[in-house]
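Please look at the sequence and the model shown here, then follow the explanation below.

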Amino acid sequence: MQKRSSFSCEEHIDIAMDDFILDNEIFPVLDKLYGINTKCQYCTRKATYILEIPNIDKDF
Ligand SMILES: [Zn+2]
């Protein structure tokens with residue numbers, strides 16, 4: 001099952017990357033979040049990064 005995107009704070013970005021790669025079997029596109037109030041998936045802090053699936057054809 002593929003996730004659309006993940007959110008992580010600075011501290012949990014390594015775990016977020018690992019989980020993302022495990023879940024999606026693809027390396028994420030990493031972006032900084034600006035002005036978006038989203039929580040980290042691994043703690044209660046504000047997320048700093050968004051991890052997204054790269055824009056490629058996914059017609060499996
Ligand atoms: Zn965190």
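Thr38 has a relative accessibility of 18%. Buried means under 20% relative accessible area, so Thr38 counts as buried. This value, like the others here, comes from a predicted model. Thr38 sits in the loop between β2 and β3, where β3 covers residues 49–52. Leaving aside neighbours within four places in sequence, Thr38 is in contact with Phe7, Arg45, Lys46 and Ala47.

The zinc ion is coordinated by the SG atoms of Cys9, Cys40 and Cys43 and by ND1 of His12, at 2.0 to 2.4 Å. Along the sequence, the donor residues follow the spacing C-x2-H-x27-C-x2-C. The arrangement around the zinc ion is tetrahedral because its four donor atoms subtend angles of 99 to 120 degrees.

Are these two cysteines, Cys9 and Cys40, buried or exposed? Cys9 is buried, with a relative accessible area of 1%. Cys40 counts as buried too, at 5% relative accessibility.

Val29 gives another case. Its relative accessible area is 35%, so Val29 is partly exposed. Val29 belongs to strand β2, residues 29–32. Not counting residues up to four places away in sequence, Val29 touches Ile50, Leu51, Glu52 and Pro54. The C-alpha atoms of Val29 and Ser5 are separated by 9.4 Å, while the two residues are 24 residues apart along the chain.

Key:
Residues are numbered from 1 along each chain as its sequence is written. This is a predicted model: local features need pLDDT of at least 70, side-chain atom pairs count only at pLDDT 80 or more; totals for chains, interfaces and linings use all residues. Side-chain values use heavy atoms; hydrogens and water are left out. Helices (H or I, at least four residues) and strands (E, at least two) are DSSP runs, numbered from the N terminus. Buried means under 20% relative accessible area, exposed over 50%, partly exposed in between (1.4 Å probe, protein chains only). Contact means heavy atoms within 4.5 Å. Donors are N, O and S atoms within 2.8 Å of the metal (3.2 Å for Na, K and Ca); water is not among the atoms, so sites may look incomplete. Four donors count as tetrahedral if all angles lie between 85 and 135 degrees; four count as square planar and six as octahedral if opposite donors are over 155 degrees apart and all others between 65 and 115; anything else is irregular.
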